[in-house]
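I'll jot things down as I go.

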Amino acid sequence: MGLLDGLRAALGLRAETDARRDADPEDLFGMSTAYLTMEAELGYRSLDVGALCFSGVDSRSFRDTVAEVESILEAGQKDTGTEFTVTDDDHGYHWVVLRDTDPEDLITSMHFAADTFIERDYGSRLLAAVFAYENSDGPAYWIYSFRRGAYYPFAPRAGRERDSSTEFKLESTLDGELEIESEKEYWYPLWPSQQGTHPWE
């Protein structure tokens, strides 16, 4: 597992300096209609999985916050059916990975998790929310940067190549439905550690 150092630059330290506004988990609900557009207009199916990436703090208060996030998700699992795991990667980042066949429940659960960090004054530790899709050409992700308050597409291909034409097509189709990052320098790739896996794996 792991991320490139670009994540630290784009979604971490540099994005914090260039942040547009405070993290707002309400933005995640934009994906509630976007997944329908992804399927109807672009032929992408949701992979029924999303992930919340955050950086840690070595404090009891932060550990208690993560434990509270887990408790909230566990309690909500009875109503939503959203399964979750909390994992770490090799670069010291943490992930809440959620799975649900109902995209609405998946997004709601992710919102609850993000909102808990913010309510406990750890909104600055939130880096990204990642939503996974796939069509016959391969996977595509919508990545939401909490520091920038905007989404951007990421279409990885074999050999750590990006399908730029697909990314631009996603941008043009979802522009107006999602708040899309206008500065392409912030469209940083979240490469998985191995081909065929997700960024959080």
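This is a predicted model: local features need pLDDT of at least 70, side-chain atom pairs count only at pLDDT 80 or more; totals for chains, interfaces and linings use all residues.

Entry 1: Counting cavities of 30 Å³ or more, I got one. The largest cavity has a volume of about 60 Å³.

Entry 2: Which residues line the largest cavity? I listed Met31, Tyr35, Ser46, Val49, Pro103, Leu106, Ile107, Phe131, Ala132 and Tyr133. Then I checked where they come from: helix 2 (31-42), strand 1 (45-55), helix 4 (103-119) and strand 4 (126-135) each give at least two residues to the lining. Sorted by class, the lining has nine nonpolar residues, one polar and no charged ones.

**Entry 3: ring pairs.** How many aromatic pairs are there? I found eleven. I looked up tyrosine 144 and phenylalanine 146: their ring centres are 5.0 Å apart and their planes meet at 90°, so I wrote the pair down as edge-to-face, since planes over 60 degrees apart count that way. Tyrosine 144 also pairs with tyrosine 151, with 4.9 Å between centres and 55° between planes, and that pair is tilted. Buried or exposed? Tyrosine 144 and phenylalanine 146 are both buried, and tyrosine 151 is buried as well.

**Entry 4: a cluster and a charge.** I noted that Trp95, Tyr141, Phe154, Trp191 and Trp200 make up one aromatic cluster. Last, I looked at arginine 148: its charged end sits over the ring of tyrosine 186, 4.0 Å from the ring's centre.

Note on methods
Residues are numbered from 1 along each chain as its sequence is written. Side-chain values use heavy atoms; hydrogens and water are left out. On a 1 Å grid over the protein atoms alone, a cavity is a set of points where a 1.4 Å probe fits but cannot get out, and a pocket is an open set with protein on both sides within 12 Å along at least five of seven lines; lining residues have an atom within 4 Å of a point. Grid points are joined across faces, edges and corners, and a volume is the space filled by probe spheres set on the points. Helices (H or I, at least four residues) and strands (E, at least two) are DSSP runs, numbered from the N terminus. Ala, Val, Leu, Ile, Met, Phe, Trp, Tyr, Cys and Pro count as nonpolar, Asp, Glu, Lys and Arg as charged, and the others, Gly among them, as polar. Rings of Phe, Tyr and Trp (its six-membered ring) pair if their centres lie within 6.5 Å; planes under 30 degrees apart count as stacked, over 60 as edge-to-face and the rest as tilted. Buried means under 20% relative accessible area, exposed over 50%, partly exposed in between (1.4 Å probe, protein chains only). A charge sits over a ring if NZ of Lys or CZ of Arg is within 6 Å of the ring centre and within 35 degrees of the ring normal.
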